[in-house]
Amino acid sequence: MALFGRKKKAAPAPEVVEEVPTLPEPPAANDAGLREWQAHRQWVLDQIEPLPPFGMQVLDALGLSLCEDIEADIALPGFDNAAMDGYAVQAADTWNASENAPASLAVVGEIAAGSVADRALAPGTAMKIMTGAPVPEGADAVVQYELTDRGVEDVQIFAQIEQGKNIRLRGSDIEDGEHLMSAGTRIDSRTVGLLAGVGIDKVLVRPRPRVVVIATGTELVEPGLPLGDKGELYDSNSYMLAAAAKAAGAQVFRVGAVGDDEEEMAQIISDQLVRADLIVTSGGISQGDWDVVKAVAPSLGLVDFAQLAMQPGKPQGFGLIGEDQVPMLMLPGNPVSSFVSFEVFVRPVLRKLMGVEPLFREPVRAVTNTIIRSAPGKAQFLRGEVRTDPGGRHTVDLVGGPGSHLLGSLQKSNALVVLEPGTEVVPAGQTVTTWMLTDD
């Protein structure tokens, strides 16, 4: 027997295969190799999480989504107060009063808004009182000035006043402890007024998304500068998209136009991640040799590029960029394509980030005044002008041609006419679906 056993070899450690993160499986393409726009939009939205709640001053929270239920800590009004300038009285003292036989009462005091009476009101007397001032103890009505001679030491009252007249009772508007609003309520100017009225100065809301807008193209020139002679164009897209994002409630940072240098583009996108909840680019995602966004985005995060069954807006890109996986929506560069893509994809993403419902434009049915023809196999988003007659009937006319560069017709439109892929011809007099392009 050996004194020492032969040392056994250790079993080899299992090979660790590092899992490479990927985006969730995107929607499948149809037989034509195109992805349906509704499926793509839902796939994008499924990867967006609402921003975490944040405490904010009520005025700064305008347009944002409430993340808490609100109950009143006080009643409104908080005390019985005068609804009119006039005289606090006991209604019984005005019995049978008229212009021919007025009731005469001694004026024993005056109560301004923000002050209280120094005594209770005795029968046979009156106190001058201003709108909003607390009704003195003993009074059960207020006679408006117009029914008196506005006397100083004695007042003549020319009409009989019923009990409770011109008095706003405590809690008649809001009761102490009453439920005022629920989480999910979007704060508007009336909401701000109510919150302030019950003494609330801060609320928990989802903040405005920080949106970085970048346009691409060496040919783009900043408005206000002269155009050169090398086929240069003014950068309209970054301005239009920034304005659209701002109108949708976002805090916007417009980077402007970036050239077609891949290294520069990658650096700019990386630099913007620190201040972005969403990055929106336009241009550089199609099939060209200089499509810089499509070239650099895969090195920055998880990305997906697709051709959609829609016109305009066929090329679309989505990504989760950087360590924090900031969502990035990459839109086509033609102005109308870019705008339509914002309406279809970016605006719903912004509303989900803010926790605002509904996510999508409410469809409005309108009767078309002319025949509409549509290319088969693709959803069409056409510019239109919707008019509403006094009876509430909506009609629509198309504005401009099919070109995705037509800024003039885009500005003249107030709606998008949405035709699904199976539509080829819509006769005049038929109804179509429209999205009204209102800022809300």
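Pro312 is located in the loop between strand 18 (310–311) and strand 19 (315–321); here helices (H or I, at least four residues) and strands (E, at least two) are DSSP runs, numbered from the N terminus. The peptide bond that joins Gln311 to Pro312 is cis, with omega near -5°. This is a predicted model, in which local features need pLDDT of at least 70 and side-chain atom pairs count only at pLDDT 80 or more, while totals for chains, interfaces and linings use all residues. Residues are numbered from 1 along each chain as its sequence is written, and side-chain values use heavy atoms, with hydrogens and water left out.

A cis bond also leads from Glu357 to Pro358, with omega near -10°. Pro358 belongs to the loop between helix 6 (335–354) and strand 21. Most peptide bonds are trans, and most residues other than glycine have a negative phi.

Positive phi values occur at Asn96, near 65°, and at Asn166, near 60°. Asn96 sits in the loop between strand 4 (86–89) and strand 5 (103–111), and Asn166 in the loop between strand 8 (154–157) and strand 9 (167–168). Asn96 is exposed at 53% relative accessible area, whereas Asn166 is buried at 14%. Buried means under 20% relative accessible area, exposed over 50%, and partly exposed in between (1.4 Å probe, protein chains only).

Strand 21 (residues 363–368) pairs with strand 27 (residues 431–436) in the antiparallel sense over 5 bridges; two strands pair if DSSP finds at least two bridges between them. Within strand 27, Thr434 stands opposite Val364. Strand 21 also pairs with strand 24 (residues 394–398), in the parallel sense and over 2 bridges. In strand 24, Thr395 is the bridge partner of Val367.

The chain contains 7 helices and 27 strands. The C-alpha trace spans about 115 × 95 × 45 Å along its principal axes. Of the 440 residues, 44% count as buried. Among contacts (heavy atoms within 4.5 Å) with a separation of 6 or more, 69% link residues 24 or more positions apart. The accessible surface of the chain is about 22,800 Å², of which 52% belongs to carbon and sulfur atoms; the areas come from the Shrake-Rupley method with a 1.4 Å probe, and for residues only the protein chains shown count as cover.
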